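Have the viewer open as you read.

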Amino acid sequence: MMLPILVHAHAQTLEECQQAAERNYPMIRQYDLIAKTTNLTVSNIQKGWLPQVSASAQATLQSDVTAFPDQMQQLYQTMGIDMKGLRKDQYRVGIDVQQTVFDGGAISSQKAVARQQGEVQAAQTEVTLYNVRQRVNEMYFGLLLIDKQVVLNHDLQELLTQNEKKLASMLKSGTAAESDYQNVKAERLNIAQQLTSLEAQRQTLRRMLSTFCGIEVKEAVKPMIAETESQHTLQRPELKAIDAQLRLADAQDKALNAALMPKLGVFAQGFYGYPGYNLFEDMMGRKWSLNGMIGARLTWNIGALYTHKNDKAKIQLQRESAENQRDVFLFNNRLERMQQNENIVRHRKLMADDEEIIRLRSSIRKAAESKLAHGIIDVNDLVREINAENAARVQQSVHEIQMLKEIYDLKYTTNN
């Protein structure tokens, strides 16, 4: 009684496998890396509002310096004033502090561009992760098909075993030849060999699916038949990635406009060295001194105008390229949905006759068993009818699994 419960505990639905595969796929860590990188970039850009401090030290030797005319030098000498003049070797150690007051929205636009670049990378990562579902579908439905073939193989072996026992009894009673018995036994052994191959394939698929999903998949559960016609808006991550590219282009466009705006800042400069701002005193004393200056500065880099038009055109081309990618994706997606819907309709039509074909093949096989018992046909005819019935059952399972796969491929195509 506990055995079905234990088996079901290891069974995994298709949706569970898809979710587990996305969590297990190494690309999932890219989300966290993108978020951290974006936050660091935005934080660095935000620091543009902090005071910019620079320290410098310089020593120069000039070919000439500011000096009084010779007549004034002679006049100072007659007055007893020793006017040495400036030295040609000069020294300065200083600090420069600049604080941006108004940047025309440059920092804000740069942060917006950085965030949008992070969204584009995240959207592209989502596209990659979404493709994982398709790979899970292939393995999952392949496992379902092999599971069904294994069940049918067991049924076929059981049917051949029953006929083998009948022929063994007939052989003892002298109503059947030994070759007839051996023929059925050889066919049963051949089917048993096929089971070995199917079991190996199933084990390989289970291991691959388990490794891909990061969980142990012991049993695949046949999914329910879902809607085949979806009228909902497409929700594919590729479209979200294209929208993110368009938003990035808008952010870059605003950053170009902000680059044209004038910038206002205040500054403070101070240095210790020779000469200072008081040149007259330095001409007389040649002493190092402390000097300082504060002020405001308005700058406007009109050089950005030179490339502004071309930069705008490049961004517009990026928009047009993204829109073209959208058109191409929608076109291909529409064709893919049309083909999948047609395949679903085709499989439904094939399945409509499968039950009747199996019923007829089963009836023919039972009649062949009766004919063999009465010596009307030989064992080869019976084996042929048994294989024909089994082939009909296999074909039915193939049609069913393929139809389910097409339905869930359509769900993947529309993401609904």
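What follows goes from the whole chain to one helix and then to a surface patch.

Keep in mind that this is a predicted model. The protein has 10 helices and 6 strands. Its radius of gyration is 43 Å, while the globule rule gives 22 Å for 416 residues, so the protein is more spread out than a compact globule. You can see that in the box filled by the C-alpha atoms, roughly 155 × 40 × 40 Å along the principal axes.

How much of the protein is buried? Of the 416 residues, 36% count as buried. The accessible surface comes to about 25,000 Å², and 55% of that belongs to carbon and sulfur atoms. As for contacts, take those between residues at least 6 apart in sequence: 87% of them join residues at least 24 apart.

Now find helix H6, which covers residues 178-213. From its first C-alpha to its last, this 36-residue helix reaches 52 Å, close to the 52 Å expected at 1.5 Å a residue.

Last stop: the surface. Val101, Phe102, Met261, Leu264, Val266 and Leu298 make a nonpolar patch of about 520 Å². Strands E3 (89-102) and E5 (263-274) each supply at least two residues of this patch. Met261 sits in the loop between helix H7 (237-259) and E5. Is Met261 buried, exposed or partly exposed? Its relative accessibility is 35%, so Met261 counts as partly exposed, a class that lies between under 20% for buried and over 50% for exposed.

How values were computed: Residues are numbered from 1 along each chain as its sequence is written. This is a predicted model: local features need pLDDT of at least 70, side-chain atom pairs count only at pLDDT 80 or more; totals for chains, interfaces and linings use all residues. Side-chain values use heavy atoms; hydrogens and water are left out. Patches are made of residues with over 30% relative accessible area and no salt bridge: like charges are joined within 9 Å, nonpolar side chains (Val, Leu, Ile, Met, Phe, Trp, Tyr) within 5 Å. Accessible areas come from the Shrake-Rupley method with a 1.4 Å probe; for residues, only the protein chains shown count as cover. A salt bridge is a side-chain nitrogen of Lys or Arg within 4 Å of a carboxyl oxygen of Asp or Glu. Helices (H or I, at least four residues) and strands (E, at least two) are DSSP runs, numbered from the N terminus. Buried means under 20% relative accessible area, exposed over 50%, partly exposed in between (1.4 Å probe, protein chains only). The expected span of a helix is 1.5 Å times one less than its number of residues. The radius of gyration is taken over C-alpha atoms; the globule rule is 2.2 Å times the number of residues to the power 0.38. Contact means heavy atoms within 4.5 Å.
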